[in-house]
Amino acid sequence: MKYDEFVTQWALKTIRENYADDISLAVSHTTLSIDGGGRKISYYVPRTKKGEELARTFILGGVGYDIWCVSWERLEQFAELKEYNITCLADAELLYARTEEDRERFLALRRTLAENLNHPVLMRSLALEAYAQAKSLYSELLFAREGDVKMGAGYVLDYLARAVAFTNHTYFKHAQTAQPEELARIPLVPDGFTDLYLDIIRDRDEERQKEKCYRIICMVQDFLLQNAPQGTDSTKDSVPCPEHHFQDLADWYGELSYTWLRLCHYTSEKDAAKSYMWGIYLQSELNQVCGDFGLRKMDLMSAFDAENLQALAERAVWNRKCAGLSPRAAAVYTNMQKQRIF
């Protein structure tokens, strides 16, 4: 008898005999195994505190085994795409269910996961989150040395690949370990992405790795802008966020009104330094509110020219109008007019 089969039979027998009221499910998940493997116990879902005791790690025949415990709450996180290893739910197979209700609960989570993968707003949001994480990691990578460069570059690639997968409403069955192969089966992938991905892995030079990471980040940025879902501006990095209320937007506008006045004042005084610093503050606020409310990105600072501050002032006035004239903020704009904010 193979060790996998032996361990699985032992685990199922132990569950039935010693944890019949304490464990809801036993699950096989093998996409992360070296050889793919057959049916074998990977994790289980406890029902009581006692059920958590079955979890263990051991070595048998020179092979490590990990029977791990996954709560119902964590399975829900997989279904809501809030954890990376989506495959642990999507590609799992039930070996044991305590009751038919437990089985149905598991299958319901699988259905929720499938629905979420088909939700354009959610998947766009996840793609942007992964892309943002890659950029954040890149900022740390710039100051890394030796092995930390290779580690950082690897995680940058991982998150960028996730952004591509999420844009395609899919995930990686093998997590980060087989992304080039899985990308070959995904329809929408930036031109040259996989080649550059592999080139970064193979490059021995730290500084070249950093430079190529910058290039692949820019590649994915363009890809995300080109593949915005319908209902958003395809040339801008925006996505609807319905959890925010329009009154919040009105409050934000009121708080920032004086900042616009400051900027206009210092540009009229031809004070380049103060105009620049108030400009970057306003730009950061614009970036935040556009992300929060799904508004079209409002670019301010590209208009900055120390020799021509009037251009910055004009761009600021234009952005101020856009904040209220956005179709998604029409109701707020009407209210602002009544309050003589404009």
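Strand β1 (residues 23–28) and β2 run antiparallel and are joined by 4 bridges; strands count as paired if DSSP finds at least two bridges between them. Helices (H or I, at least four residues) and strands (E, at least two) are DSSP runs numbered from the N terminus. The model is predicted, so to speak of local features takes pLDDT of at least 70 and side-chain atom pairs count only at pLDDT 80 or more, while totals for chains, interfaces and linings use all residues. Residues are numbered from 1 along each chain as its sequence is written, and side-chain values use heavy atoms, with hydrogens and water left out.

Back to β2: 2 bridges also link it to strand β4 (residues 63–69), this time in parallel. Tyrosine 43 takes part on both sides, standing opposite valine 27 and pairing with tryptophan 68 in β4. Both faces of β2 (residues 43–46) are covered, with Tyr43 and Val45 buried on one side and Tyr44 and Pro46 on the other. Here, buried means under 20% relative accessible area, exposed over 50%, and partly exposed in between (1.4 Å probe, protein chains only).

Glutamine 283 sits in helix α11 (residues 272–293) and is buried, at 10% relative accessible area. Setting aside neighbours within four places in sequence, glutamine 283 touches Met298, Asp299, Leu300 and Met301, contact being heavy atoms within 4.5 Å.

Then there are the loops. Most residues other than glycine have a negative phi. Histidine 169, however, has a positive phi of about 60°; it lies between α6 (147–167) and α7 (179–183) and is partly exposed, at 30%. Lysine 270 also has a positive phi, near 60°. Lysine 270 is in the loop between α10 (246–268) and α11, and is exposed, at 70%.
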